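Here is a short briefing for a first look. Please keep the sequence and the 3D view open while you read.

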Amino acid sequence: MKRTADVVIVGGGCMGASVAFHLARRGVTNVVLVEREQLLGTGSTGRNAGGVRHQFSHEANIRLSIESIAMLERFKEEVGADIDFHQDGYLFLLSTQASVEVFTANVARQRGLGIAVDWLDADAAAALAPGLVTEHVIGATFCQRDGIADPNGVTMGFARSAQAAGVSILRETEVTGVRIVGGRVAGVDTTNGAIDAPVVVNAAGPHARAIGHMAGIDVPVEAYRRHIFIAQPPASGGRWNVPDSRVMVIDFESTFYFHREGAGVLFGMGDPHETPSFDLTVQWDFLEQVSPVAARRLPALADALIAHAWAGLYEVTPDANPIIGAARDLPGFFLINGFSGHGFQHSPAAGRILADVITSRDPGMDLSPFALERFEDRKTGGEHYVV
Ligand SMILES: Cc1cc2nc3c(=O)[nH]c(=O)nc-3n(C[C@H](O)[C@H](O)[C@H](O)COP(=O)(O)OP(=O)(O)OC[C@H]3O[C@@H](n4cnc5c(N)ncnc54)[C@H](O)[C@@H]3O)c2cc1C
């Protein structure tokens with residue numbers, strides 16, 4: 001095991017793997033990525049819905065999407081891995097005038113940044129997703145270049161490429177402390193011994209706050225459980241009236257969403273009563289709350305079999321924007337945390353930006369919306385499209 005490195009990355013999800021890849025691309029390969037589980041990508045990354053969209057409300061997030069989606073489109077050529085990216089679009093259904101007004105402003109912002117987003121009426125929305133019921137829908141937005149990709153493919157693509165360039169990956173190794181000497185980062189303690197390094201990256205997903213505490217830095221990221229259910233066609237056979245395409249449909253008011261997943265349908269919904277915790281047990285009572293909403297929008301789900309379900313953790317900041325950059329009060333400590341339910345899709349750009357910051361390059365965008373210190377001023381104006 002390496003005892004010294006230029007950079008230690010804590011966490012082997014999509015963020016840690018992306019930072020490792022982009023550092024290696026910049027010639028920084030004396031890097032150790034430390035993951036406490038046996039495999040990479042088993043945290044939030046391995047439990048997400050795979051959704052990728054341009055449709056965000058905050059300009060900084062739209063910019064992360066533009067760069068990330070462009071990279072996902074050329075992932076095979078650029079990183080060398082298949083990621084099963086289907087650009088069948090994201091369809092947002094709106095049922096209140098207030099939402100239509102918010103989306104009107106946001107569609108203008110998205111179009112201003114060059115994104116082709118369409119306004120649809122309820123009938124046109126229904127035509128995009130056979131089986132969908134658009135009762136009470138008064139408007140919808142659709143972006144064809146949004147879609148679904150494979151989080152494991154992306155994470156392993158980044159990790160393998162970084163490893164091939166010389167980055168070390170330590171599995172089953174837990175970071176237990178951040179070492180600080182003379183007011184700056186000096187390395188980490190792990191369950192397999194210490195690693196000296198002048199740079200430590202906190203890429204611990206929902207556990208970012210714990211790594212922050214080890215360094216004396218408060219990282220305001222809370223973990224919230226979110227469920228995903230997989231429905232299969234009813235055993236009786238016959239035609240199952242669900243979309244053939246993988247269009248992602250989001251009922252914005254209820255946060256119910258679904259997309260085709262193999263022969264089945266993947267669906268989920270936010271639970272407004274969920275409180276912060278690291279609990280990953282599936283709460284089957286919650287399905288009783290989701291089912292009527294699901295059956296109203298996609299009646300085929302009413303008599304479907306629930307074949308599989310799991311829970312994962314959203315890593316949520318107070319304004320639902322991520323934290324990307326250096327910790328002002330601790331030289332050598334860097335953060336890539338708090339993506340608030342949309343981190344998988346932003347991992348390509350976020351990792352590139354942090355690699356630029358670490359290597360003192362110009363990241364080419366205003367990082368103030370992502371600064372850790374923004375929370376000191378209680379500034380608002382974060383992301384509104386948290387699904
Ligand atoms: C149900 C659900 C659906 C989602 N749907 C989408 C979606 O459709 N689109 C999208 O873009 N995003 C989605 N997300 C969000 C996305 O999954 C996350 O934003 C993203 O995976 C965060 O990646 P990460 O690498 O920061 O965290 P993680 O994947 O959790 O990785 C962090 C890693 O750090 C490791 N670690 C923690 N502490 C230590 C330690 N002390 N020592 C060593 N290792 C440590 C963990 O084991 C873990 O592997 C969803 C999330 C959930 C839960």
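Predicted model: local features only at pLDDT ≥ 70, side-chain atom pairs only at ≥ 80, totals over all residues.

Residues are numbered from 1 along each chain as its sequence is written.

**Around the ligand**

- The ligand is surrounded by 39 residues (C-beta atom, placed from the backbone, within 6 Å). The closest are Gly-13, Gly-43, Gly-205, Gly-312 and Gly-343.
- Two or more shell residues come from each of α1 (14–25), β13 (222–232), β17 (305–316) and α9 (343–358). Helices (H or I, at least four residues) and strands (E, at least two) are DSSP runs, numbered from the N terminus.
- β17 gives the largest share, four residues.
- The shell holds 14 nonpolar, 18 polar and seven charged residues. Nonpolar covers Ala, Val, Leu, Ile, Met, Phe, Trp, Tyr, Cys and Pro; charged covers Asp, Glu, Lys and Arg; the others, Gly among them, are polar.
- Domain 1 (7–50 + 151–221 + 318–377) and domain 2 (90–144 + 223–315) each supply at least three shell residues. These bounds come from an automatic or database domain assignment.

**Strand β16 and its partners**

- β16 spans residues 264–268, and four of its five residues are buried (20 or more other C-beta atoms within 10 Å of their own, all placed from the backbone).
- β13 and β16 run antiparallel, joined by three bridges (strands pair at two bridges or more by DSSP). Phe-229 stands opposite Phe-267 of β16.
- β15 (residues 256–261) also runs antiparallel to β16, with five bridges. Arg-260 has Val-265 in β16 as its bridge partner.
- Two residues lie between the strands in the hairpin of β15 and β16, where Gly-262 takes a positive phi near 60°.

Methods: Buried ≥ 20, exposed ≤ 12 C-beta atoms within 10 Å, placed from the backbone.
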